[in-house]
Amino acid sequence: MRKSSHTGSFSPPFGGGRGEAVVAIDLGGTIIKIGLLKDGQLVDRKEIVAQSASGLKPQLPKLETVVNQLVQANHLQKEAVLGIGFSFAGLVDSVANRILSTNQKYDDGSETDLVGWARKKWNWPLFAMNDARMALLGEWQHGAGQGCTELVTVTLGTGIGSAVLIGCELLIGKHFQAGNLGGHFTVNHKGTTCTCGNIGCVEAEASTWRLPSLLKEHSEFGQSAIKNEKVLDFRALFHHAGNNDRVAKEVLNHCFSAWAAGIITMIHAFDPERIILSGGIMKSSSIILPALQEKVNNLAWTPWGKVKLVEAKYPDSAALYGADYLVRSSINRK
């Protein structure tokens with residue numbers, strides 16, 4: 001995969017081969033999604049439980065089995081598959097198609113030769129990409145980002161991820177970090193230490209992993225109804241905030257402010273025309289979108305107009321669609 005004339009960015013051409021299939025693998029921390037796409041359409045998919053703590057290499061035999069099942073069930077010959085698009089939740093060298101860095105998941109990822117694995121098992125090329133960037137490609141081509149030339153995606157979940165498209169070019173950077181670390185923008189310089197080592201990241205202020213301690217640190221947590229929840233997650237937070245629980249409402253407002261600060265920083269840094277929000281927390285999109293849109297409208301410095309916040313069209317499968325596009329455009333370039 002070449003880099004574009006803009007240092008550290010990636011601009012896949014439109015189009016690509018038709019008629020052949022692409023295998024897409026989205027390696028999440030808890031669930032691994034494997035899809036088969038034909039002509040840009042997701043025709044089959046399977047999911048398996050991930051064992052991310054045990055590393056990446058132990059997952060490969062399970063992936064081989066599922067991939068073979070998909071190919072056989074859809075009556076394909078190996079020669080009919082163009083290649084594999086591989087999405088990974090970490091820093092990825094999308095030129096050499098290898099994992100550079102992980103964060104408490106699949107710690108042997110950087111030692112795993114994915115390209116060699118795909119060649120040995122099926123004689124297919126493999127193209128790897130960070131999961132947030134892969135999802136952006138999918139939403140750009142098929143979903144909520146269609147027609148945009150400047151786009152930012154933000155994933156609100158266990159962690160907070162981001163990806164950026166500028167002038168129809170996927171922003172990557174010299175060290176493959178550009179646009180990917182929106183969840184680690186500092187929004188509270190006196191805040192909590194993040195898993196990345198920084199202080200007061202968006203993720204350290206308002207993510208799923210941070211929420212339980214955020215609630216327990218509230219001085220009135222012991223008098224709040226939310227203390228009786230077995231799982232202190234965002235489902236519980238939105239429920240109790242909707243019932244006017246003071247603690248839940250104050251913590252939720254804190255999260256809104258942290259998310260908005262991160263999004264506004266991304267607007268100021270990348271100048272997008274649209275921001276796509278996805279992730280598990282967006283199950284409460286009917287509450288989140290209006291609240292964040294109001295903050296962005298009031299606080300972002302955009303004299304040309306207002307940046308529109310929208311929900312992802314394919315929150316569960318955007319990375320699979322992105323993998324298909326990545327494979328086809330990469331092969332088309334050769």
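Analyst: The crossing of H6 and H7 is left-handed. The model is a predicted one.

User: At what angle do H6 and helix H7 pack, and which orientation term applies?

Analyst: Helix H7 covers residues 246-270, and its axis lies 8 Å from that of H6. The two helices pack at an angle of about 120°. Angles of 65 to 115 degrees count as roughly perpendicular and those over 145 as roughly antiparallel. The angle of about 120° therefore makes H6 oblique to H7.

User: Which residues of H6 and H7 meet, and how many of the contact residues are nonpolar?

Analyst: From H6 come Phe234, Leu237, Phe238, His240 and Ala241. They meet Ala248, Lys249, Val251, Leu252, Cys255, Phe256 and Trp259 in H7. By class, the contact has one polar residue and one charged residue, and the number of nonpolar residues is 10.

User: How are the rings of phenylalanine 234 and phenylalanine 238 arranged: stacked, tilted or edge-to-face?

Analyst: Helix H6 spans residues 234-242, and the two phenylalanines are four residues apart in it, which means a separation of about one helical turn. Both phenylalanine 234 and phenylalanine 238 are buried. Their ring centres are 6.4 Å apart and the planes are at 40°, so the pair is tilted.

User: Which residues do ring pairs link into a cluster?

Analyst: Phe234 and Phe238 are in H6, while Phe256 and Trp259 are in H7, and these residues are part of the contact of the two helices. Ring pairs link them into a cluster, made up of Phe234, Phe238, Phe256 and Trp259.

User: How do helix H3 and helix H9 pack, and which orientation term describes them?

Analyst: H3 is residues 131-142 and H9 is residues 318-333, with their axes 6 Å apart. The packing angle is about 85°. Since angles of 65 to 115 degrees form one class, H3 is roughly perpendicular to H9.

User: How many charged residues does the contact of H3 with H9 have?

Analyst: On the H3 side are Met134, Ala135, Leu137, Gly138, Glu139, Trp140, Gln141 and His142. On the H9 side are Ala318, Ala319, Tyr321, Gly322, Ala323, Tyr325 and Leu326. The contact has 10 nonpolar residues and four polar ones, and the number of charged residues is one.

User: How many aromatic pairs does a search of the whole structure find, and what is the geometry of tryptophan 140 with tyrosine 325?

Analyst: The search finds eight aromatic pairs. Tryptophan 140 in helix H3 and tyrosine 325 in helix H9 are 185 residues apart, so this pair links distant parts of the chain. Both residues are buried. With ring centres 6.0 Å apart and planes at 85°, the pair is edge-to-face.

User: What is the angle between H1 and helix H2, and what is the handedness of their crossing?

Analyst: The axes of H1 and H2 (residues 114-122) are 12 Å apart, at an angle of about 45°. That angle makes H1 oblique to H2. H1 passes H2 in a crossing that is right-handed.

User: Which residues of H2 does H1 meet?

Analyst: H1 contributes Leu60, Leu63, Glu64, Val67 and Asn68 to this contact. The residues of the contact divide into six nonpolar, one polar and two charged.

User: Is glutamine 72 buried or exposed?

Analyst: Glutamine 72 is found in helix H1, residues 60-73. Its relative accessible area is 59%, and the cut-off is over 50%, so glutamine 72 is exposed.

User: Which residues does serine 52 touch beyond its sequence neighbours, and is serine 52 buried or exposed?

Analyst: Serine 52 is found in the loop between strand E4 (41-49) and H1. At 13% relative accessibility, serine 52 counts as buried. Not counting residues up to four places away in sequence, serine 52 touches Gly29, Gln59, Lys105 and Tyr106.

User: What is the phi of phenylalanine 176?

Analyst: Phenylalanine 176 is found in the loop between E11 and helix H4 (202-205). At 7% relative accessibility, phenylalanine 176 counts as buried. Although phenylalanine 176 is not a glycine, its phi is positive, at about 65°.

Technical notes: Residues numbered from 1 in each chain as written. Predicted model: local features only at pLDDT ≥ 70, side-chain atom pairs only at ≥ 80, totals over all residues. Heavy atoms only, no water. Axes fitted to C-alpha atoms, helices over the stretch in contact; angles between N-to-C directions. Parallel < 35°, antiparallel > 145°, perpendicular 65-115°, else oblique. Contact = heavy atoms within 4.5 Å. Nonpolar A, V, L, I, M, F, W, Y, C, P; charged D, E, K, R; others polar. Phe/Tyr/Trp six-rings, centres within 6.5 Å; stacked < 30°, edge-to-face > 60°. Buried < 20%, exposed > 50% of the residue type's maximum accessible area, 1.4 Å probe, protein only. Left-handed = near helix turned anticlockwise from the far one by under 90°.
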